[in-house]
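Biologist: Could you take me through the aromatic pairs, up close, and then show me what sits around them? Keep the cut-offs in, please.

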Amino acid sequence: MILQIPAGSDCTTNLAKLIRKDKFISMTTSLNRPEAVRKYFTKTPLKPTEPNYSNHQTKMGIGGGLIFLALILLFSGQGLLIFLGIVSGYFGFNLLSNGFSAYSSQKKKYESDYEQYEKDYERAEPKPSDEQMDQWMNSDIDKITAEALRRLDLEHEDYKAKPYTIGGPASLKETRFAIGKDGKTRYSHFNILVVFLTEYHVAAYQSDNSMEYGQILTDKTQEFPYREITNLGTQIVKENIRLLDDIVESESGMQEFTLATSGGNVIKVAYQFARNTDYQGELVKIGGEITIAAIRKKLQDYKQKYEK
């Protein structure tokens, strides 16, 4: 007995969705993350254009024709024709030799360039999708948040709100930037600040992280009471960013969050370009203004409640 499902029914629609989902899961799970991330931040080379050999081939053709004519004239037995044969052979040999030399040199260079292109292309393609890169980053942030909770030795009942995050590109020489197909700028290493707002103090965890391996490179924890916070704000700083082709550009509009205390503790984290959010190439954000607003509100509430 064969069960027929009418076309266009909910069953066929759901079946199609499941098939697409299975294909997506299969594709993403088969990716080698380190290799895929390296490719995302590697510039795709331009395919070399095959040269036009027609001029060299024309020279070789004319040269060969003149040599053939020279042979005929040399065997004519007549003095003038023999002389013309020698002249024809001389120019024919030069044309054939020069044409062949130029053709061989150009062809050899093209083949060498194409071989290098294939190697560079293999190092850069295929790239993971923008969505896959974001999925990996979000997964890393979840792990980092759990690590922050463990390192700060906080139980869930010890803080009144969810952990707040803010972050952006890490200020490391290894950090590379790439603009995705969605027009957003992603970065190979990111710095993130995880903040827990307890009743009386701020507990913070900050780390530099590698997108390639999904690992924490360096980290630190800081804890201080609200009454010690002396500065909370943002500033625009100048940053050098390294693009895919290793060109270093100066980004004079990097927005940086700063928190300082009377005890000399300072927390800084860059989190966005100081541009309009619709600007092509805007940074992929980690948290942001909502975290700054939450800390500022908590600080104000504390001062109103305890510092009257």
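Modeller: Searching the whole structure turns up eight aromatic pairs, where a pair means rings of Phe, Tyr or Trp (its six-membered ring) with centres within 6.5 Å, called stacked if the planes are under 30 degrees apart, edge-to-face if over 60 and tilted for the rest. Bear in mind that this is a predicted model, where local features need pLDDT of at least 70 and side-chain atom pairs count only at pLDDT 80 or more, while totals for chains, interfaces and linings use all residues. Residues are numbered from 1 along each chain as its sequence is written, and side-chain values use heavy atoms, with hydrogens and water left out.

(Helices are DSSP runs of H or I, at least four residues, and strands are runs of E, at least two, numbered from the N terminus.) Both Tyr53 and Tyr103 are buried, as in under 20% relative accessible area; exposed is over 50% and partly exposed is in between, using a 1.4 Å probe and protein chains only.

Then there's Tyr114 with Tyr117, a tilted pair at 5.5 Å centre to centre and 50° between the planes. These two are three residues apart in helix α4, so about one helical turn separates them. Tyr114 is partly exposed at 24% relative accessible area, whereas Tyr117, at 14%, counts as buried. Ring pairs also join Tyr114 and Tyr117 with Tyr110 and Tyr121 in a cluster.

Now for the nonpolar cores, which are sets of buried Ala, Val, Leu, Ile, Met, Phe, Trp, Tyr and Cys residues joined through side-chain atoms within 4.5 Å. The largest has 31 residues, and Met137, Phe190 and Phe196 make the most contacts inside it. Among the elements giving two or more residues to this core are α2, β4 (189-197) and β7 (229-242), but α5 gives the most, with seven. A second, separate core has 21 residues, including Leu197, Val202, Phe257 and Val269.

Back to helices for a last stop: Leu71 lies in helix α3 and, at 44% relative accessibility, counts as partly exposed.
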